[in-house]
Amino acid sequence: MQTSTLTGSIPAPARRIEAIDAARGIALLAMVSYHFTWDLEFFGYVTRGLTAFGGWKIYARGIASSFLFLVGVSLMLAHGNGIRWNGFGKRLAMIVAAALAITVATWFATPGSFIFFGILHHIALASVLGLAFLRFPVWALVLAAVLVAAAPQFLRLPAFDHPSLWWLGLSTINPRSNDYVPLFPWFAAVLAGMAAAKFAKASGLLARLGGHLPQAAARPLVLIGQHSLAFYLIHQPVLIACVWLFAQVWPAPAQSPQAAFVPACEASCREVREQAFCTAYCACMLDALDKDGALDKVLRGEQTAELSSRVSGLASTCTVETDMSLMGREEE
């Protein structure tokens with residue numbers, strides 16, 4: 001893909017492979033479908049918590065993983081034979097600027113769940129860290145990916161609970177954010193992409209892919225993939241504007257805080273427990289939070305150590321009470 005001489009001259013630019021651009025375009029369109037559903041949820045047209053749990057959660061993780069995998073592929077193809085610092089620096093500067101713009105915009109739009117380390121922040125950091133892995137053999141990249149993916153299972157510690165360290169992904173609490181893609185375990189997808197690109201290049205697969213796709217139907221996907229950053233920045237404001245305009249004509253039915261809490265609570269609970277438990281547990285939590293005066297704060301997404309401690313205590317109490325209640329029913 002690139003050529004360099006023994007004298008250390010700057011490698012020639014890599015030939016663009018449109019199949020990779022098309023794959024990136026598909027991932028972007030999948031992201032549009034997810035964000036559109038999130039927007040419907042935000043404006044109250046679908047059940048609260050729909051996109052945060054269950055199948056939609058898996059879908060979102062799949063989209064993020066595909067993006068980061070392609071970041072790894074592109075990083076290896078562009079710089080595997082030698083880092084092109086000029087192009088790398090310009091691209092990194094654009095991504096960092098876009099990430100900061102996302103943080104500022106979401107801070108004002110949704111301060112309780114603003115994006116402090118989302119997909120763009122991760123791509124910026126991963127692009128820099130990935131340079132250290134360019135010379136790794138395929139097996140070492142795969143091993144590193146496995147270790148990074150497994151790290152949160154073994155390295156979560158209270159020492160990482162400070163907000164300044166949340167970007168690592170090793171905190172014992174889950175920060176509230178509309179897009180949270182910490183270093184661990186998500187950097188594993190980038191490393192996997194780098195490994196796949198190096199293997200594909202060595203095996204001749206990249207040569208067989210060729211440069212241009214002959215199918216005319218693939219052109220829109222290729223175009224989107226080639227302008228992925230601009231597409232990413234523009235699509236969500238456009239979607240939100242469309243849903244907002246729709247809401248001015250056909251507003252969603254108003255929901256009380258209680259009605260908004262239960263579906264989201266049960267969706268989260270069903271990730272780890274059965275329906276019977278979740279129904280009783282969420283009813284208990286709703287009552288406990290309401291009496292404690294913390295319900296509105298939880299729904300607003302406030303994140304303080306004091307509130308987290310109170311909610312954790314209420315959750316422990318409701319868990320014990322619900323388990324005991326269900327055990328009593330089984331004995332009768």
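Start by selecting helix α10 (residues 257–269) together with helix α11 (residues 275–292): their axes sit 9 Å apart and the packing angle is about 140°. An axis here is a line fitted to C-alpha atoms, for helices over the stretch in contact, and angles run from 0 to 180 degrees between N-to-C directions. The helix labels come from DSSP runs numbered from the N terminus (H or I, at least four residues, for helices; E, at least two, for strands). With that angle, α10 and α11 are therefore oblique to each other. The cut-offs are under 35 degrees for roughly parallel, over 145 for roughly antiparallel, 65 to 115 for roughly perpendicular, and oblique for the rest.

Before going on, a word on what is loaded. This is a predicted model, where local features need pLDDT of at least 70 and side-chain atom pairs count only at pLDDT 80 or more, while totals for chains, interfaces and linings use all residues. Residues are numbered from 1 along each chain as its sequence is written, and side-chain values use heavy atoms, with hydrogens and water left out.

**Still on α10 and α11**

Look along the pair and you'll find that α10 passes α11 in a right-handed crossing. The handedness rule: left-handed if the near helix is turned anticlockwise from the far one by less than a right angle, right-handed if clockwise. Now show side chains. From α10, pick Q258, F261, V262, C265, E266 and C269; they meet Q275, F277, C278, T279, Y281, C282, M285, L286, L289 and D290 in α11. Contact means heavy atoms within 4.5 Å. Colour by class and this contact shows eleven nonpolar, three polar and two charged residues. Ala, Val, Leu, Ile, Met, Phe, Trp, Tyr, Cys and Pro count as nonpolar, Asp, Glu, Lys and Arg as charged, and the others, Gly among them, as polar.

**Zoom out**

Select the whole chain. You get 13 helices and zero strands. The C-alpha atoms fill a box of roughly 80 × 50 × 35 Å along the principal axes. Of the 332 residues, 41% are buried; buried means under 20% relative accessible area, exposed over 50%, and partly exposed in between (1.4 Å probe, protein chains only). Draw the contacts between residues at least 6 apart in sequence, and 73% of them join residues at least 24 apart.

**α5 against α6**

Next, select α5 and α6, whose axes come within 7 Å and cross at roughly 165°. The two helices are therefore roughly antiparallel to each other, and their crossing is left-handed. On the α5 side, the contact includes V138, L141, V142 and P152, while α6 brings residues including L183, F187, L191, M194 and K198. By class, the residues of this contact divide into 19 nonpolar, no polar and one charged.

Centre on L68. Setting aside residues up to four places away in sequence, L68 touches I119, H122, I123, V181, W186, A189 and V190.

Is W186 buried or exposed? W186 counts as buried, at 15% relative accessibility. Beyond its neighbours within four places in sequence, W186 is in contact with R61, A64, S65, L68, H122, Y180 and V181.

Then go to W167, in the loop between α5 and α6. W167 is partly exposed, with a relative accessible area of 31%. Apart from residues up to four places away in sequence, W167 touches F117, L125, P182 and L183.

Last stop: S171, also found in the loop between α5 and α6. At 1% relative accessibility, S171 counts as buried. Leaving aside neighbours within four places in sequence, the contacts of S171 are R156, L157, F160, D161 and W166. For a distance check, pick the C-alpha atoms of S171 and V320: they are 25 Å apart in space and 149 residues apart in sequence.
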